[in-house]
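User: Could you take a close look at the salt bridges in this model for me, and then show how they sit within the rest of the fold?

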Amino acid sequence: MPAQMQGMDMRPSERLDWDDLKLILALAEAGYVNRAAEKLRVDPTTIPRRIRRLERRLDLKLIERIKGGVVLTQAADDLVRVARAVETGVDDALAAPLEAPPVTGTVKLSGTDFMLDLLADVFVELQRRFPGLVLDLKPTNAYLSLDRRETDVAIRQAESPHDGLVGRRLAPIPLGVYAPPGLIDKENGRPWLSWTLPRGVSEIDELILQHDPKARIVARVDSMMAQARLSTRGMGCAILPDTYVTAHPEYSALRRIADGPSYPAWVVTHEELRHVPRIREVMTAIANKFAGDKTAP
């Protein structure tokens, strides 16, 4: 029987093996071909060829871009979820006869205020499951050092982890342009909330001026949560994370009047801490929270 006909008779699962799933998972978690190759212990030049062969075999496009960082398609993201489930299942099966090490001690976790707010239910569940676990939460816009142990785990807006860090890619953080009721119909010259210098002028102010060339910055607030609260009270328009606004009924008066950008996000730790049980449990819970909800950051 011709090879094409044989392929047509095969179930989709028969066109994949574990090495294929490991390849997609490594690309998703590393973000770059060279780092994925290091993880898989293969020559990086073989990875593009393996991807092309796999795309032909599945008749699916899996990679949007390789140069400058790997960007996965939706089909590849679906396979990543399958790979993680298989990986977890195998790990659980092989570890079952052994007594799991206790999850105790303190985990320092840093991230922006709204990201930690969105994780509130996750933190409660972690404490319920592991009474000996202590979470030292650090809401901040600064990049606390993992090398100097200023934090153990960090949620960061970045294309990929820095050298020496490992982690999991989260779903992108989508932003929207929001206006309180009294400013929805006003077209130009609205009051706006932005960030302090230099970030405000270099990034957020430019976005504001794209939507409202006559915008007036009436306050600079380095907190998405504070901006959302002030905007709800009518102080001005703001560029806010969609999932944070929709997760809080008290912000229902705000109206989304335009799209904003989306930022890539990772949960990372130092490579020396990746196998510490308490670190692993916290990172897995965060990754599962944001990977399980396609609208979440």
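Which residue forms a salt bridge with Asp-259, and how far apart are the closest N and O atoms?

Analyst: Happy to. The partner of Asp-259 is Arg-256, and the closest N and O atoms of this salt bridge are 2.5 Å apart. A salt bridge here is a side-chain nitrogen of Lys or Arg within 4 Å of a carboxyl oxygen of Asp or Glu.

A note on the basis: this is a predicted model, in which local features need pLDDT of at least 70 and side-chain atom pairs count only at pLDDT 80 or more, while totals for chains, interfaces and linings use all residues. Residues are numbered from 1 along each chain as its sequence is written, and side-chain values use heavy atoms, with hydrogens and water left out.

Asp-259 counts as exposed because its relative accessibility is 54%, whereas Arg-256 is partly exposed at 39%. The classes are buried (under 20% relative accessible area), exposed (over 50%) and partly exposed in between, with a 1.4 Å probe and protein chains only.

That pair belongs to a total of 13 salt bridges in the structure. Another group is a network that links Glu-29, Lys-39 and Arg-84. Lys-39 pairs with Glu-29, with 3.7 Å between the closest N and O atoms. This joins helix H3 (residues 33-40), which holds Lys-39, to helix H2 (residues 18-30), which holds Glu-29, across ten residues of sequence. Helices (H or I, at least four residues) and strands (E, at least two) are DSSP runs numbered from the N terminus.

Glu-29 also meets Arg-84 in a salt bridge at 3.6 Å, N to O. Arg-84 sits in H5, residues 74-95. Lys-39 is partly exposed because its relative accessibility is 42%, while Glu-29 is buried at 13% and Arg-84 is buried at 13% as well. Besides Glu-29, Arg-84 touches Leu-25, Arg-168, Arg-169 and Ala-291, not counting residues up to four places away in sequence; contact means heavy atoms within 4.5 Å.

Now to the nonpolar surroundings. The largest nonpolar core has 52 residues, and Ile-155, Leu-170, Ile-239, Leu-240 and Ile-286 have the most contacts inside it. Such a core is a set of buried Ala, Val, Leu, Ile, Met, Phe, Trp, Tyr and Cys residues joined through side-chain atoms within 4.5 Å. Helix H11 (residues 277-291) gives the most to this core, with seven residues. A second, separate core of 23 residues includes Ile-24, Ile-47, Leu-72 and Ala-83.

Among the buried residues of H11 are Ile-279, Val-282, Met-283 and Phe-290. Ile-286 in particular touches Leu-109, Leu-119, Ile-155, Leu-170 and Val-267, not counting residues up to four places away in sequence.

Arg-149 lies in the loop between strand S4 (133-139) and strand S5 (153-157) and is partly exposed at 26%. Its contacts beyond four places in sequence are Lys-108, His-270, Glu-272 and Leu-273. His-270 is 121 residues from Arg-149 in sequence, yet the C-alpha atoms are 8.8 Å apart.
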